[in-house]
Amino acid sequence: MIPFGLLSPVTGEALHHDTPHSLREGKRGPRWPVVDGIPYLRVGRDGLVGEVLGHLDKGAPGHALELLLADQDDWWTGPPADPATLRDLVREMKYVSLREACARLGWGRVGDYFVHRWSDPTYLAGLALLEAHWNKPACAFELACGIGHYLRELQGRGVRVSGGDVVFAKLWVARHWVAGQRPQLVCFDAAGPHWPIDQAPVDLVMCHDAFYFLPEKARILDSLRKTAGEEGWLALSHVHNSARPGLSAGHAVSSAEIEELFPDGLVYDDDELTRALVEARAPVPAAPAALDHVEAFSVVCGPGMRPAPRPLVDGLTLPREGAHLRLNPLYRPDPTGGYVIAWPSERYRDEYAARATYPRHSEGPETLEAGPETVDRARIREFVDLPERW
């Protein structure tokens, strides 16, 4: 946990606890709810904030939580979550798997993405970017941390982690199914009037597979650089290229914009990072102008970054020795023997099949222990290190 202070996303004034379940600006300023230890600082949600605080003040945190679990980002196009299903989820959460939690939250294809992210090529590209420039950070912050995939990996390497996201339910899932109780988590709008994280430089600031969603990139990037301080570094992976329309929404950027935003950066083709992981070598950066054709960019920058990429042979991209590995859950029993890939949806197949690192067919077994004899199968994610309650 990184105990940083919080600021009002509306005025920029310091927030302090006025009750165990709320933050307040000054003595009589606006209040903001804190549910399950996660401050909710979204702007433009005054009605929801009032309702949630009302439940909390009456001693009904379960009702407050149900309201926040239904809140979504502006990109959401699916139906709203069913209130009765959310009520059941809150009541039964200790007995529910990560997959069931995502289903009950009504996340649909987004749920497919989260529960299978441990082997998707864009996630592996982000890990490869971090390992290539790893300099043993003591603390890290991730913007748009989702359900905490990267927070879990870094925390497992002894890094103190914290994360923020615009969707409260994702942070709640991170807390209870993926990253545990230690990370400091906060829900806020990155493009809000004020960056809510007070002066708290960390060694590493991350934003994976999300920077392209954000408007006002230059302003948000300036806030990320301040959070990294004068000695930290930034890693941003899978930033969509506007010259390559894809399946995702958001505000993709061009190679020229990447060069302008990151004059101190090393830029990669996202696919090059995944290939380097599979081939156990150092990834090769390129000039932004030479990457017009790629689907997505990845960038590292900042005064504290390791300037030369290292080979991806023994770090963050591989499970720790002795870890309990499970056969990639994308496999299903094959009637002809062994296991075969079964895509969770056509969209998932269309987005990831061509770049998948795992073989279409596996002989199993269903579990393995991570070690020198299994490293090659872990590297290509035929086997994965899943959370205990996956």
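Here is a short walk through this predicted model, one selection at a time.

**Stop 1: the domains.** Start by colouring three pieces: domain 1 (6-114), domain 2 (120-144 + 190-301) and domain 3 (323-385). Notice that domain 2 is written as two stretches of sequence, 120-144 and 190-301. Now hide domain 3 for a moment and look at the other two. The centres of domain 1 and domain 2, taken over C-alpha atoms, sit 28 Å apart. Eleven residues of domain 1 and 13 residues of domain 2 take part in the contact.

**Stop 2: the face between domains 1 and 2.** How much area do domain 1 and domain 2 bury between them? About 900 Å², with 62% of it on carbon and sulfur atoms. Select Leu-7, Trp-75 and Tyr-113 and show their side chains: within domain 1, these three lose the most area to domain 2, and together they account for 56% of what that side buries.

What kinds of residues does domain 1 bring to this face? Eight are nonpolar, three are polar and none is charged.

**Stop 3: a pair of crossing helices.** Next, select helix H2 (residues 61-69) and helix H8 (residues 168-178). Two packed helices are described by the angle between their axes and the distance between those axes. Here the axes come within 8 Å and cross at roughly 120°. To see what touches, show Leu-65, Leu-68 and Leu-69 on H2, then Phe-168, Ala-169 and Trp-172 on H8. The contact of H2 with H8 has six nonpolar residues, and no polar or charged ones.

Stop 4: For one of them, zoom in on Arg-31 and Asp-18, whose closest N and O atoms are 3.0 Å apart. Arg-31 belongs to strand E3 (residues 31-35) and Asp-18 to strand E1 (residues 15-19), so this pair ties together parts that are 13 residues apart in sequence.

**Stop 5: two backbone details.** Switch to a backbone view and select Glu-216. This residue is not a glycine, yet has a positive phi of about 45°. You'll find Glu-216 in the loop between strand E8 (204-208) and helix H9 (217-228).

Finally, move to Gly-364 and Pro-365. Which kind of peptide bond joins them? A cis one, with omega about 5°. Pro-365 lies in the loop that runs between strand E15 (361-362) and strand E16 (367-369).

Key: Residues are numbered from 1 along each chain as its sequence is written. This is a predicted model: local features need pLDDT of at least 70, side-chain atom pairs count only at pLDDT 80 or more; totals for chains, interfaces and linings use all residues. Side-chain values use heavy atoms; hydrogens and water are left out. Domain bounds come from an automatic or database domain assignment. Contact means heavy atoms within 4.5 Å. Buried area is the accessible area (1.4 Å probe) that two parts lose on being put together, summed over both. Ala, Val, Leu, Ile, Met, Phe, Trp, Tyr, Cys and Pro count as nonpolar, Asp, Glu, Lys and Arg as charged, and the others, Gly among them, as polar. Axes are lines fitted to C-alpha atoms, for helices over the stretch in contact, and angles run from 0 to 180 degrees between N-to-C directions. Helices (H or I, at least four residues) and strands (E, at least two) are DSSP runs, numbered from the N terminus. A salt bridge is a side-chain nitrogen of Lys or Arg within 4 Å of a carboxyl oxygen of Asp or Glu.
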